[in-house]
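Try each task before reading its solution.

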Amino acid sequence: MQLVNHSIPDGVFDNILNGVSDFFDQTTLNERRIYSKRSPSDRIRWELNSSTGENREYLKVVAHPQSHFPSNPSGFRFNYYGIPSSIYLKLFWVIWCISKILEEYGKEMRRIVIELARAVSKSLGFEEHFVEKALELKSGFDVLAMNLYPPNAKSKGAVGLPQHTDPGFIITLVQDVNGGLQILSHKGNWINAYIPHHAILIQLGDQLEILTNGMYKSHIHRVIVDNNKVQRISVVGLHGPSLDRLINPNAKFVDEKHLKKYREMTFKEFLEVNGDDEVDVQSSLEQARLL
Ligand SMILES: O=C(O)CCC(=O)C(=O)O
Ligand SMILES: [Fe+2]
């Protein structure tokens, strides 16, 4: 689904995509490596995968309930592991310059997500706050992932990101150039996602599938890079329930004909099933499946 009439000023999209592009342009790979995973408590996480199975660099930042953009010092590491402080200061400066943009973007996406939660509640026949309450979205766990895919000439294969679903309620996505993202249709065909300029792509996440006992399906998607002449940036908002919230198929969707298909887990447990931690925001829908 694409949201076009969203009342978010165009400048918010231009700022975030330019800001993320500046971040990658103004820093070297070695400098960005500072944010490699070192501890599960890190609130900023960088990774580069450059192989036949995945060609993507990303920076993930926790955006809610507490934003960890580097204007908030708890999100920032200083002077560990013998890395010269000049590199820390440079990265701090570069990210600090875009932190207001990230914060503004994160807030706009949350507003959209709450509006969608109300629309989804009504579409399910519940009162409009049903989803917000069931997932405790007020203290929902949101992560922004800033993804950079190389042009085909620089990738190690056709795959930007292998097929997966994303945890959470709703996933928002904006991009600088079209190309690469594909969504699996219910008939089993890969559909190229075309996202108009200044539109937001909305995908459904695992916890909505669990809450509705499989009535709404989490979107299976992947990124293919072999047609990309230029590099592509996407900014993905993973908007989830509160980490401590137990997520269970709602009774309305369970009866003798529709048995409970997923086990009950807190969102945090769900994110940790495969040995990942919450900032990795990896799916474990298959492990949660009972039927
Ligand atoms: O970059 C894209 O188009 C998709 C990224 C994605 O699926 C993710 O970050 O989970
Ligand atoms: Fe994804």
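Helices and strands here are DSSP runs, numbered from the N terminus, and a strand needs at least two residues. Please keep in mind that the model is a predicted one.

**Exercise 1. Find which strands supply at least two residues each of the shell around ligand 1.**

Step 1. Start with the residues that come nearest to ligand 1: among the 13 around it, these are Tyr149, His164, His221, Arg232 and Ser234.

Step 2. Now look at the strands. β4 (142–149), β5 (159–164), β10 (221–224) and β11 (232–239) each give at least two shell residues.

Step 3. β11 provides the largest share, with three residues.

Step 4. Sort the shell by class: six residues are nonpolar, four are polar and three are charged.

**Exercise 2. Work out which side chains place a polar atom by an oxygen atom of ligand 1, and how much of the ligand the protein covers.**

Step 1. The cut-off for a polar contact is 3.5 Å between N or O atoms.

Step 2. For Tyr149, an N or O atom of the side chain is 2.6 Å from a ligand oxygen. For Asn147, the distance from a polar side-chain atom to a ligand oxygen is 3.2 Å, and for Arg56 it is 3.4 Å.

Step 3. Turn to cover: on its own, ligand 1 has 300 Å² of accessible area, and the protein covers 97% of it.

**Exercise 3. Describe how helices α1 and α3 are arranged.**

Step 1. Two packed helices are described by the angle and the distance between their axes.

Step 2. The axes of α1 (residues 10–26) and α3 (residues 85–123) come within 9 Å and cross at roughly 155°.

Step 3. Angles over 145 degrees count as roughly antiparallel, so α1 and α3 are roughly antiparallel to each other. Their crossing is left-handed.

**Exercise 4. Locate a cis peptide bond and a positive phi in the backbone.**

Step 1. Recall that most peptide bonds are trans and most residues other than glycine have a negative phi.

Step 2. The bond joining His64 and Pro65 is cis, with omega about 5°. Pro65 sits in the loop between β3 (55–64) and α3.

Step 3. His198 has a positive phi, near 65°, and lies in the loop between β8 (190–192) and β9 (200–204).

Methods. Residues are numbered from 1 along each chain as its sequence is written. Chains are lettered from A and ligands numbered from 1 in the order in which they are written. This is a predicted model: local features need pLDDT of at least 70, side-chain atom pairs count only at pLDDT 80 or more; totals for chains, interfaces and linings use all residues. Side-chain values use heavy atoms; hydrogens and water are left out. A residue is near a molecule or strand if one of its heavy atoms lies within 4 Å of it. A polar contact is a pair of N or O atoms within 3.5 Å; within protein, one must be able to donate a hydrogen and the other to accept it, and residues adjacent in sequence count only if both atoms are side-chain atoms. Accessible areas come from the Shrake-Rupley method with a 1.4 Å probe; for residues, only the protein chains shown count as cover. Helices (H or I, at least four residues) and strands (E, at least two) are DSSP runs, numbered from the N terminus. Ala, Val, Leu, Ile, Met, Phe, Trp, Tyr, Cys and Pro count as nonpolar, Asp, Glu, Lys and Arg as charged, and the others, Gly among them, as polar. Axes are lines fitted to C-alpha atoms, for helices over the stretch in contact, and angles run from 0 to 180 degrees between N-to-C directions. Angles under 35 degrees count as roughly parallel, over 145 as roughly antiparallel, 65 to 115 as roughly perpendicular and the rest as oblique. A crossing is left-handed if the near helix is turned anticlockwise from the far one by less than a right angle, and right-handed if clockwise.
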